[in-house]
Amino acid sequence: MDTPPTGGRLDPATDAFEQARPRLFGIAYRILGSVAEAEDVVQDVWLRWQGTDTEAVRNPAAFLAKATTRMAVNVARSARVRREAYVGSWLPEPVDTSVDPQVGAERREALEMAVLLMMERLNPVERAAYVLREAFAYAYDEIADILRLSQANTRQVVSRARKHLAAGRRAPVDTSELRRLLDAFVAAAQSGDTAALEAVLSAGVVAYADGNGMRGVARVPVTGAGRVARINAFVRTFIPGAEFRVVDVNGLPALLVTRAGATAALVCATAGPDGIDGLYWILAPEKLRSFERSARRVR
């Protein structure tokens with residue numbers, strides 16, 4: 001890949017791109033829900049930047065953000081068609097936020113796995129407008145210019161996106177409580193104790209599994225504490241010798257499942273006052289590789 005050089009002194013144009021890169025990735029990732037697609041967008045923006053008369057650009061950061069957003073919206077339109085053909089539940093690609101806790105944003109908004117999944121209900125322009133406003137605090141006139149909308153329309157688009165997302169969100173528990181619930185989940189899953197598993201789950205819990213057609217992986221969401229507990233109790237059989245470790249995924253604690261030192265799965269979770277109410281099992285090998293790549297992104 002033709003990427004900017006690292007180390008040593010950079011020319012002003014390259015330096016401007018390198019300073020903007022975390023934000024560019026953060027914008028593209030939130031719009032697309034994919035590490036690989038976001039990396040491709042940032043790479044395309046870099047190639048376009050190389051062919052630009054950069055001395056004539058008064059605000060490189062704004063120019064690069066505009067180019068990134070517009071490219072990401074175009075990719076999102078084609079991605080929707082591809083995802084309709086996906087085998088089983090499609091989940092966003094997870095990103096390791098231990099190396100970059102905000103992934104280039106002023107706020108953590110539009111980063112958590114459950115929120116990214118809900119954002120799939122928005123059209124690409126709604127998603128981009130919401131991301132720019134809520135995660136990056138862009139002014140409405142800036143968003144209007146980037147998305148080629150009027151300011152009045154931009155406000156309506158952001159408001160509509162907020163309402164769509166608010167309808168599906170519940171008040172989350174704090175991070176320490178989520179970590180406690182994950183520890184209890186691991187203990188019960190490792191022992192195969194279905195009753196103990198059910199005790200940490202909300203009655204209305206929903207479990208998603210993204211295996212992209214992998215044998216043995218549920219292709220539709222599973223609902224209800226009893227059914228979810230029975231499925232997760234079989235983790236010892238499905239991933240023999242599994243070891244669990246808490247990692248930082250999309251801004252929240254999650255479980256990295258390894259076997260013989262190799263990544264076998266990632267488990268993200270959401271929780272409310274009555275326990276874990278969402279489980280997101282990521283087993284597709286290409287998405288696990290993207291997670292591992294994301295840990296090296298800032299380097």
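The legends below walk through several close-up views of this predicted model. Residues are numbered from 1 along each chain as its sequence is written, and side-chain values use heavy atoms, leaving out hydrogens and water. Because the model is predicted, local features need pLDDT of at least 70 and side-chain atom pairs count only at pLDDT 80 or more, while totals for chains, interfaces and linings use all residues.

**View 1. Helix α1 packs against helix α3.** Helices (DSSP runs of H or I, at least four residues) and strands (runs of E, at least two) are numbered from the N terminus. The axes of α1 (residues 12-32) and α3 (residues 60-84) come within 9 Å and cross at roughly 30°. Axes here are lines fitted to C-alpha atoms, for helices over the stretch in contact, and angles run from 0 to 180 degrees between N-to-C directions. The two helices are therefore roughly parallel to each other; angles under 35 degrees count as roughly parallel, over 145 as roughly antiparallel, 65 to 115 as roughly perpendicular and the rest as oblique. The crossing of α1 and α3 is right-handed, where right-handed means that the near helix is turned clockwise from the far one by less than a right angle, and left-handed means anticlockwise. Residues making the contact include Phe 17, Leu 24 and Ile 31 of α1, together with Leu 64, Val 73 and Arg 83 of α3; contact means heavy atoms within 4.5 Å. By class, the contact of α1 with α3 has 15 nonpolar, two polar and one charged residues. In this scheme Ala, Val, Leu, Ile, Met, Phe, Trp, Tyr, Cys and Pro count as nonpolar, Asp, Glu, Lys and Arg as charged, and the others, Gly among them, as polar.

**View 2. Helix α3 also meets helix α6.** The axes of α3 and α6 lie 9 Å apart, at an angle of about 55°, and the two helices are therefore oblique to each other. Their crossing is right-handed. From α3, the contact draws on Lys 66, Thr 69, Arg 70 and Val 73, and from α6 on Asp 145, Ile 146 and Leu 147. Sorted by class, the contact of α3 with α6 has three nonpolar, one polar and three charged residues.

**View 3. Ala 144 sits in helix α6.** Helix α6 spans residues 140-147. With a relative accessible area of 5%, Ala 144 is buried; buried means under 20% relative accessible area, exposed over 50%, and partly exposed in between, using a 1.4 Å probe and protein chains only. Leaving aside neighbours within four places in sequence, Ala 144 touches Leu 149, Ser 150, Gln 151 and Thr 154.

**View 4. Six strands form an open sheet with mixed pairing.** The strand order is β2-β1-β6-β5-β4-β3; two strands pair if DSSP finds at least two bridges between them. At the edges stand β2 (222-223) and β3 (243-249), each with a single partner strand, so one side of each is left without a neighbour in the sheet. Two bridges join the antiparallel strands β1 and β2, and Ala 207 has Val 222 as its bridge partner in β2.

**View 5. Strand β6 pairs with β1 and with β5.** Eight of the eight residues of β6 (residues 275-282) are buried, so this strand is largely enclosed by the rest of the structure. Strand β1 (residues 201-210) runs parallel to β6 over six bridges, with Asp 210 opposite Ile 282. Strand β5 (residues 262-272) pairs with β6 in the antiparallel sense over seven bridges; here Cys 268 has Tyr 280 as its partner.

**View 6. Lys 287 is a buried residue of helix α12.** Helix α12 covers residues 285-294, and Lys 287 has a relative accessible area of 4%. Setting aside neighbours within four places in sequence, the contacts of Lys 287 include Trp 90, Glu 93, Asp 210 and Ile 282.

**View 7. Ala 137 has a positive phi of about 55° although it is not a glycine.** Look for Ala 137 in the loop between α5 (124-135) and α6; Ala 137 is partly exposed, at 39% relative accessible area.
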